[in-house]
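Here is a short briefing on one protein model. Please look through the sequence and the 3D view before reading on.

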Amino acid sequence: MTQPPLESALDLVKTRAQTTLERAVGEGRLTLDEFTDKVDLVFQATDEAGVRAVVGALPAPLTPATTVVSRQSIFDDVARGGRFALPTGATVSSFFGDVELDLRQAVITDPLVEVRTWSWFGDIEVTVPEGVEVEVRSGLVFGDEVVELADVPPVPGAPKIRIKAWTTFGDVRVVSAA
């Protein structure tokens, strides 16, 4: 019987670095985009110094004041992007307006985050970073659902995003972008 090859010292350093980055996401120190970029750099590193350079300078966690729990609008669009804390259970909605969420810089501290969106007489568009597992559940009345996610494997340790979208007379579009 053949023994599986032992992990090299560099592989162990990379695995520990990935765990550190996963913890940093959970602490709100990295956005999804930052996490996927850093994990990619860790596994491209050719030596321990390269790995240490990636995990060496992690940003401070977001303060509670930057947390967005819900946002609603009537006769106006709702748009959110940039660096912000995204707790599970966040709700974003609009009546006679569009909902646009860009989650590429969102800080997610849970392994699964659920975002509820709804719009009456408006579209819903959600942009997620490549390499993050996304589940879309939608309810549509006179609208279409379009899910265009990059054909890349999920980054190990990345949180999962569950999007619940309901719209009447509008479309739901979920896309990934680098």
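How many of the 9 residues of strand E11 (residues 160-168) are buried? Strand E11 is mostly covered, with 7 of its 9 residues buried; buried means under 20% relative accessible area, exposed over 50%, and partly exposed in between (1.4 Å probe, protein chains only). This is a predicted model, in which local features need pLDDT of at least 70 and side-chain atom pairs count only at pLDDT 80 or more, while totals for chains, interfaces and linings use all residues. Residues are numbered from 1 along each chain as its sequence is written, and side-chain values use heavy atoms, leaving out hydrogens and water.

**Strands** (DSSP runs of E, at least two residues, numbered from the N terminus)

- Strand E7 (residues 112-120) pairs with E11 in the parallel sense over 9 bridges; strands pair if DSSP finds at least two bridges between them.
- Val113 has Ile161 as its bridge partner in E11.
- Strand E9 (residues 134-141) runs parallel to E11 and is joined to E11 by 8 bridges.
- Glu135 has Arg162 as its bridge partner in E11.

**Aromatic rings**

- The structure holds 8 aromatic pairs, where rings of Phe, Tyr and Trp (its six-membered ring) pair if their centres lie within 6.5 Å.
- The rings of Phe96 and Phe121 are stacked (planes under 30 degrees apart), because their centres are 4.8 Å apart and their planes lie at 5°.
- Phe96 and Phe121 are 25 residues apart, and their pair links distant parts of the chain.
- Phe96 has 37% relative accessibility, so Phe96 counts as partly exposed.
- Phe121, at 39%, also counts as partly exposed.

Note on methods
Helices (H or I, at least four residues) and strands (E, at least two) are DSSP runs, numbered from the N terminus. Rings of Phe, Tyr and Trp (its six-membered ring) pair if their centres lie within 6.5 Å; planes under 30 degrees apart count as stacked, over 60 as edge-to-face and the rest as tilted.
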